[in-house]
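I opened this model to look up a few side chains, contacts and backbone angles. My entries follow in the order in which I made them.

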Amino acid sequence: MPDTISEQDFERSALEFLEASAEPRVESRQSWGEGSDQVSILPERTLEEEITELTEARAWAQTRFDAGFSWLTGPVEYGGGGLSRDFQRLYNELEGRFATPPMSAYGIGLGMVAPTILAHATDEVKQRYLKPLWRGDIVACQLFSEPGAGSDLASLQTKAVRDGEQWIVTGQKVWTSGAHLSEIGEIMCRTNPDAPKHKGLTGFVVDMHAPGVEIRPLRQMTGGASFNEVFFTEVRIPDSHRLGDVNEGWTVALTTLMNERAAIGGGMASGGGGNMGTQRLIELVRHFGKADDPLVRQQLADIIINGRVASFTNLRAMAKIAQGQLPGPEMSIGKLTLTANMRRTSELVASVIGPRLVADSGEWGTYAWSKFVLGLPGMRIAGGTDEVLHNIIGERVLGLPKEPAPNK
Ligand SMILES: Cc1cc2nc3c(=O)[nH]c(=O)nc-3n(C[C@H](O)[C@H](O)[C@H](O)COP(=O)(O)OP(=O)(O)OC[C@H]3O[C@@H](n4cnc5c(N)ncnc54)[C@H](O)[C@@H]3O)c2cc1C
């Protein structure tokens, strides 16, 4: 892609590519009883279904990359397009008009791990992984949380001990989304147990197929198993795969976490929530004869208004990022407003559907909502819990006194 291309020429060649490689998206105004009634928040697929979806996503990612329409903003030397964010936005808008496979398997790798590699990895690691990540050849996961370290991530205990030009990693991670589909992971380890907890961490890129890595699925209460426990027994990582300086992993982790909130918020900037659009809720309310109920109407209006507010907050944050500024507390606000709106949605649906939410009557579009309601707690935890985000907003946005440190 020449770096002097005009937006008009870019649009023309992008449309040519999309028309030749994908079918136009058919807009269907969903009516009650039509199509799939799935509204789950977390993926609820079998391993076979996950692999099929990944294979389709991979084929599209490779086609798009080879045509020069992936990672438009990335540096050319690592496989990016070297263009401004305006081109990426334009392309996303154009691609949205076509039916392309869901790319959720790549969400963590491209939304969080790849930006961290670009910011902190050695040139060898950037050369080795950035292009395959963006081309969809490989999937990446985030190995941060442990049984004793979630919100308080800096308490993590998985240790990495230096052995010449390698590090030996031993410990356990948990809640690792997509580890079972991943080729690489971004892992945070303790490299100095004697330093204060934020000062003794180091980040690495680890090969998920290396000897000593064991992945065990965790089944969520909605039935699927989209995350895992991952055990590391004396796993060797080359020093070249270190992210940032030794014992400076906290800065690396912050890069990933900022991008995580941006990815969650950005994905929702369209005002959605799970797989559910507002139209589905309107149909539900109409179907159950509640469209004239003033309380239900008020609840519905609240959801629509708050969805728009969450969407605008996220767009504001995205605009800041587009100007080269770091994503700030808007990300925390965006994520919090989103999950608050999903809770409102759960409450509205529960009050309209009643017992059909918990007993499967076979009726289309009723029991299916149980997966949304049961998936909501996960959304309120992942990427920073509601309580922790409240603390961040209280302290960093409103300037309230800091939370007292717990007694050690
Ligand atoms: C769907 C999903 C996907 C995930 N994917 C990944 C992944 O891919 N990789 C990964 O590393 N992790 C992942 N996680 C883990 C996630 O990051 C942690 O669950 C999260 O950080 C919370 O940590 P915890 O579960 O240990 O809870 P804890 O931190 O133990 O929190 C327990 C409770 O205490 C509250 N609490 C904690 N500290 C405070 C405080 N200071 N003030 C007030 N209240 C507080 C919390 O809000 C929560 O209600 C995922 C989680 C979910 C739900």
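Is R162 buried, partly exposed or exposed? I looked it up in what is a predicted model: R162 has a relative accessible area of 40%, so I noted R162 as partly exposed.

**Salt bridges**

I stayed with R162 and found its side chain in a salt bridge with D239, at 3.1 Å from N to O. R162 is in strand β4 and D239 in the loop between β9 and β10, so I recorded a link between distant parts of the chain, 77 residues apart. D239 has 11% relative accessibility and therefore counts as buried, the limit being under 20%. I then saw that the pair belongs to a network of salt bridges that links R162, E165, D239 and R242.

I ran the search over the whole structure and got 18 salt bridges. One of them joins K173 to E146, with 2.8 Å between the closest N and O atoms. K173 sits in strand β5 (residues 166–177) and E146 in the loop between β3 (140–143) and β4 (159–163), so this pair ties together parts 27 residues apart in sequence. I noted both K173 and E146 as buried.

I also checked D152 and K197, whose side chains meet in a salt bridge of 3.0 Å, N to O. D152 is in the loop between β3 and β4, and K197 is in the loop between β6 (184–190) and β7 (201–207), so the parts tied together here are 45 residues apart in sequence. D152 is partly exposed at a relative accessible area of 34%, and K197 is partly exposed at 29%.

From α7 the contact is made by T278, L281, I282 and V285, and from α8 by V296, L300, I303 and I304.

**Two buried loop residues**

I looked up T366 in the loop between α9 (330–353) and α10 (369–381). T366 has 0% relative accessibility and so counts as buried. Leaving out residues up to four places away in sequence, I listed F288, I353, R356, L357 and S361 as what T366 touches.

Y78 is in the loop between α2 (47–66) and α3 (85–95), and its 10% relative accessibility makes Y78 buried.

**Backbone and surface**

Which phi does E234 have? I read a positive value of about 45°, although E234 is not a glycine. E234 belongs to strand β9 (residues 227–238) and counts as exposed at 58% relative accessibility. N247, also a residue other than glycine, has a positive phi near 70°; I placed N247 in the loop between β10 (242–243) and α6 (249–267).

Last, I noted a nonpolar surface patch formed by V397, L398 and L400, with about 280 Å² of accessible area together. L400 is in the segment after α11 (386–397) and is partly exposed at 47% relative accessibility.

Terms used:
Residues are numbered from 1 along each chain as its sequence is written. This is a predicted model: local features need pLDDT of at least 70, side-chain atom pairs count only at pLDDT 80 or more; totals for chains, interfaces and linings use all residues. Side-chain values use heavy atoms; hydrogens and water are left out. Patches are made of residues with over 30% relative accessible area and no salt bridge: like charges are joined within 9 Å, nonpolar side chains (Val, Leu, Ile, Met, Phe, Trp, Tyr) within 5 Å. Accessible areas come from the Shrake-Rupley method with a 1.4 Å probe; for residues, only the protein chains shown count as cover. A salt bridge is a side-chain nitrogen of Lys or Arg within 4 Å of a carboxyl oxygen of Asp or Glu. Helices (H or I, at least four residues) and strands (E, at least two) are DSSP runs, numbered from the N terminus. Buried means under 20% relative accessible area, exposed over 50%, partly exposed in between (1.4 Å probe, protein chains only). Contact means heavy atoms within 4.5 Å.
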